[in-house]
Amino acid sequence: MNSNDFMKDADKHLIHVYNRFPVIFEKGEGVYLYDTDGKKYLDFGSGIGVMAFGYGDKEYSDALKSQIDKITHTSNLFYHEPLLPAAEKVCQISGMDRVFFTNSGAEAIEGALKTAKKYAYKRRGKGNYEVIAMNHSFHGRTVGAVSVTGTDHYREPFYPLMDGAEFADFNDLDSVKKLVNKNTCAMITETVQGEGGVTPATKEFMQGLRQICDENDLLLIIDEIQCGMGRTGTTFAFEQYGVKPDILTTAKALGGGVPVGAFLVTEKVASDSLEPGDHGSTYGGNPLVLTAVNKSIDIIEGRKLPEHVKETTPYFESILDSFVEKYPFVKGHRGLGFMQGLIIDEKIPVGEILNKALSKGLVLLSAEGNLIRFLPPLIMGKSGFDEMNKKLSEVLDEFQ
Ligand SMILES: *Cc1c(COP(=O)(O)O)cnc(C)c1O
């Protein structure tokens, strides 16, 4: 079957919520993807930040294969072998005390919201359910997660959503302070906003949130589903801000390609929130995905990928600087580590740039605000950045 027929037939059966790029990927190796015609693509999207150590890592796939031969699922009514090391490792790398494993990022957010509500309910009784979220945030597509997502068009068709979500402006502490009242139980923010525009929080903002939470017995939920697991040059981005969350969410790179997420809490929160019967998941943290988590953490930490990101970021940013210098329609860039956005003048739709890049064998993403979003695998080396520079320059030349 030719590729066009394949895509046309697939679109007949799929619910149309994605405008997919016209490519059928077959396999990957390192930082490269290959389509069904054998064409090679340099990957600067890593499956939206998931493929932290690239494609086809032998150590990772051998571990998964051998787990598949043993057992893939038990339910959470039982212990299983990968459970202890995975729980230990994810607590150790995050500095948190306890974890619940989920099947996705959105589910990690759901768990975080339920934990915060239960904490407030236990300590202060009914009615303390308001959550302060940020404009331009992104926390996922389930009803609870979308309720705290700060982009109107993601929420509006689905009203009424979860009650009590209030929106402040990211990096504007005063706008947060104005929303705090006796019904508030928590605030939720990304450390670096991803979908909403690749915007890092300021230190002042994160530390200010921490302070407001401490003063009012509110819980600080930090969503590092996209920016965590080494992407910004430290295992978690919050480490660079001198703050610690009460509840942390992670997913995307956590499992190196299998669907898994987690929410983690401090002992203080754990001892005063969810109890047996309050939460659960049939699949959450099954032996297969936790084998992946164990290997992913071993690889990301063992191969010092956060350090590699930190060392290579100046080189990456110098390439982005050169785009800003060379092309008048490139307005600037922002981000942290291997999570960067290039701001394109509204006159040029970013989608056109991405499609042209794809036909030249370069995978890029977009973000809110007409941004080209770069989320390369954390193993990307200087030669990969050079190749991206060459390919993207050729594309941008066409828009001069
Ligand atoms: C992707 C993402 C989510 C949602 O994760 P899913 O696995 O798609 O449900 C939540 N928060 C942030 C910051 C994300 O980037």
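**Entry 1. Ligand contacts**

I began with Asp223 and found an N or O atom of its side chain 2.7 Å from a nitrogen atom of the ligand. I note here that the model is predicted. I then turned to the oxygen atoms of the ligand. A polar side-chain atom of Gln226 lies 2.8 Å from a ligand oxygen. For Gly105, a backbone N or O atom is 2.8 Å from an oxygen atom of the ligand.

**Entry 2. The shell around the ligand**

I listed the residues around the ligand. They are Ser104, Gly105, Ala106, Phe138, His139, Gly140, Glu190, Asp223, Ile225, Gln226 and Lys252. I sorted this shell by class and recorded three nonpolar, five polar and three charged residues.

**Entry 3. Helices packing on H11**

I examined helix H11, residues 287–302, against helix H4, residues 83–94. Their axes are 9 Å apart and the packing angle is about 40°. H4 and H11 are therefore oblique to each other. I recorded the handedness of the H4 and H11 crossing as left-handed.

I then took helix H3, residues 58–70, against H11. The axes of H3 and H11 come within 9 Å and cross at roughly 155°. Angles over 145 degrees count as roughly antiparallel, so H3 is roughly antiparallel to H11. The crossing of H3 past H11 is right-handed.

**Entry 4. H12 and H14**

I looked up a further pair, helix H12 (residues 305–326) and helix H14 (residues 382–397). Their axes come within 10 Å, with a crossing angle of roughly 15°. Angles under 35 degrees count as roughly parallel, and H12 and H14 are therefore roughly parallel to each other. H12 passes H14 in a right-handed crossing.

**Entry 5. Backbone geometry**

I checked the peptide bond between Tyr159 and Pro160 and found it to be cis, with omega about -5°. I located Pro160 in the loop between helix H7 (152–155) and strand E6 (165–168).

I also looked at Ser46, where phi is near 40°. I noted this as a positive value in a residue other than glycine. Ser46 is found in helix H2, which covers residues 46–49.

Conventions:
Residues numbered from 1 in each chain as written. Predicted model: local features only at pLDDT ≥ 70, side-chain atom pairs only at ≥ 80, totals over all residues. Heavy atoms only, no water. Near = heavy atom within 4 Å. Polar contact = N/O pair within 3.5 Å; in protein donor to acceptor, adjacent residues only side chain to side chain. Nonpolar A, V, L, I, M, F, W, Y, C, P; charged D, E, K, R; others polar. Axes fitted to C-alpha atoms, helices over the stretch in contact; angles between N-to-C directions. Helix = DSSP H or I, 4+ residues; strand = E, 2+ residues; numbered from the N terminus. Parallel < 35°, antiparallel > 145°, perpendicular 65-115°, else oblique. Left-handed = near helix turned anticlockwise from the far one by under 90°.
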